[in-house]
Amino acid sequence: MDIIYFLDMVGTFAFAVSGSLVAMKSKFDIFGVVIIAFVTAVGGGMLRDVLIDAHPINWIGDLNYIWVILIAVTVTYLFKSKIAPLRKTFVLFDTLGISVFTLLGIQKSLAFGLPPFVALIMGMISAVFGGVVRDVLTRKVPLIFKKEIYASACLSGGVVYLLLRYVSVKPDIQFVLSAVTIIVIRIIAVRKSLELPKINKDVFGKS
Amino acid sequence: MDIIYFLDMVGTFAFAVSGSLVAMKSKFDIFGVVIIAFVTAVGGGMLRDVLIDAHPINWIGDLNYIWVILIAVTVTYLFKSKIAPLRKTFVLFDTLGISVFTLLGIQKSLAFGLPPFVALIMGMISAVFGGVVRDVLTRKVPLIFKKEIYASACLSGGVVYLLLRYVSVKPDIQFVLSAVTIIVIRIIAVRKSLELPKINKDVFGKS
Amino acid sequence: MDIIYFLDMVGTFAFAVSGSLVAMKSKFDIFGVVIIAFVTAVGGGMLRDVLIDAHPINWIGDLNYIWVILIAVTVTYLFKSKIAPLRKTFVLFDTLGISVFTLLGIQKSLAFGLPPFVALIMGMISAVFGGVVRDVLTRKVPLIFKKEIYASACLSGGVVYLLLRYVSVKPDIQFVLSAVTIIVIRIIAVRKSLELPKINKDVFGKS
């Protein structure tokens, strides 16, 4: 349990750094950078909690989220010239983040009595929504819709988690095996630049 | 009651197809297409339920929404070369959708004890919000703000519904007459390319 | 108390006018203008109430918000040629609005038992979120992230408010002093075109 909480904070930190980097690149002022970091890091869990009526929602119930985000912004600011070139290494932390967010989202939703299929969707929302809002606010087409196998990784790991739960493996092993699934798929995808097939085949005119 | 539920699913299907078409045109990957279809179809009802505190919210309380959306995406994918040129015919289904969504939104809000005027706004939110999010996520100015009489149709139908309720016509007739109002206004508007007047008269400089 | 309610309505009016002006400039139709005015004026309080689970949320619990917004849109429409050049004067009303929204947001959050730090964030969300949505819907990079000291003004005023509460000054004086703090900082900032420092120092390539 303590390890999962720790990983949740690592994920929050990683997402906050990713938000800060995007916002700094868009030349936002300090306030804007903090907001984007905040939304990227806790946006997914916040939407999940509002949708499943889990109050107090994530960052209201636990101030550590905010502190971690503020530290992440400070660290990014101080070491930005060193972090920016490390972006590929950084994918590791980010991937750790999404795997933990997905599984925690599923766990919490099941604990609130939602059916497994809905819990799976909630897991994805937890992992994905923060990045979508980050991209909308910085006026990008959300990355995830175009060239990321990101969502598929979450989905696969989530299914593995639900299956392991069903055959009642020990909780810790459920969590670790599913997290590893997500991390492996994502890392392979990034290395090989895998992308999901586009559905469009020029049926429509120019967009 | 059963017929209204059936129409709700028809509307969900139509909205999901419209979302899929826009996302495919924007060259989103499969995941992106499903998300946009999902948000377009259930986004309005989801916001309504969060705002009026109606838990479980629409698609969490009834998994049929998700199945209908997944079927709609599959159908759109398989027959996209046939659906794309049919877009004008498709307006019919879409219009059926918005009329049902508007009226169901009003009904549910009244059932939750909201005053008629608030219920009317909730009806519009139910019908309109999904399309707005679709347009934001695909980086378009929401269509509805610029050249659609869409919202006016919902509003008119909603007012008719509230009036018929007030004079206590039979529930089925209330629903049918109001739905027909919305459908007729919308179809006429599309045919004649009616638009609401723009408020701007070049008082401001170039935008 | 009555004066604070009056100021809340003044703020709502000012925000609705600001939303209307932006939407008219973007050549939205009447419906679009009303929506943008609505979202700008009550969006912040609406998000706050959803996040802290305060139902009925602001405009559902008090229809006066809607009436004030409709009056603001009408007034803006009728006198737009006169309002547009007055934009700088208009900043005064707008500033009155944000100061009241910030402090009311903090008050309400504290009344719901939230810790002061969370209440401070909620105060900022109340003041800021409406304008962010307005900018997203009209396809602008949210102004506040780039060149407004707006948020810093809210934050400073909020901190002053919490400190005065802590030393238990009389409630009216708390409110007035904090509001004055926000107004003064903002007015000075607008006059001197102060901006927060950008974090970016060309570490990244071209954006």
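Me: Two residues are in contact if their C-beta atoms, placed from the backbone, lie within 7 Å. Which residues of α2(C) meet α7(C)?
Reply: From α2(C): C:I36, C:V39, C:T40, C:A41, C:V42, C:G43, C:G44, C:G45, C:L47 and C:R48. They meet C:M122, C:I125, C:S126, C:A127, C:V128, C:F129, C:G130, C:G131, C:V133, C:R134 and C:L137 of α7(C). This is a predicted model: local features need pLDDT of at least 70, side-chain atom pairs need 80 or more, and totals for chains, interfaces and linings use all residues. Residues are numbered from 1 along each chain as its sequence is written, and chains are lettered from A and ligands numbered from 1 in the order written.

Me: How do the α2(C) and α7(C) axes cross?
Reply: At roughly 145°, coming within 7 Å. α2(C) covers residues 30-51 and α7(C) residues 116-137. Helices are DSSP runs (H or I, at least four residues), numbered from the N terminus. Axes are fitted to C-alpha atoms over the stretch in contact, with angles from 0 to 180 degrees between N-to-C directions.

Me: And α8(C) with α9(C), what angle?
Reply: About 160°, axes 8 Å apart. They are therefore roughly antiparallel (over 145 degrees; under 35 is roughly parallel, 65 to 115 roughly perpendicular, the rest oblique).

Me: Which residues make the α8(C)-α9(C) contact?
Reply: Among them are C:Y150, C:C154, C:Y161 and C:R165 of α8(C), with C:Q174, C:I182 and C:R186 of α9(C). The classes come to 11 nonpolar, five polar and two charged.

Me: Switching to chain A. How does α1(A) sit against α4(A)?
Reply: Their axes come within 8 Å and cross at roughly 45°. That makes α1(A) oblique to α4(A). The contact includes A:F13, A:A16 and A:V17 of α1(A), and A:I69, A:A72 and A:V73 of α4(A). It has 10 nonpolar, four polar and no charged residues.

Me: Now B:G19. Buried or exposed?
Reply: Buried, because it has 30 C-beta neighbours inside 10 Å. The cut-off is 20 or more; 12 or fewer is exposed, in between partly exposed. B:G19 is in α1 of chain B.

Me: What does B:G19 touch?
Reply: Beyond four places in sequence: B:I36, B:A37, B:V39, B:T40, B:A41 and B:R134.

How values were computed: Helix = DSSP H or I, 4+ residues; strand = E, 2+ residues; numbered from the N terminus. Nonpolar A, V, L, I, M, F, W, Y, C, P; charged D, E, K, R; others polar.
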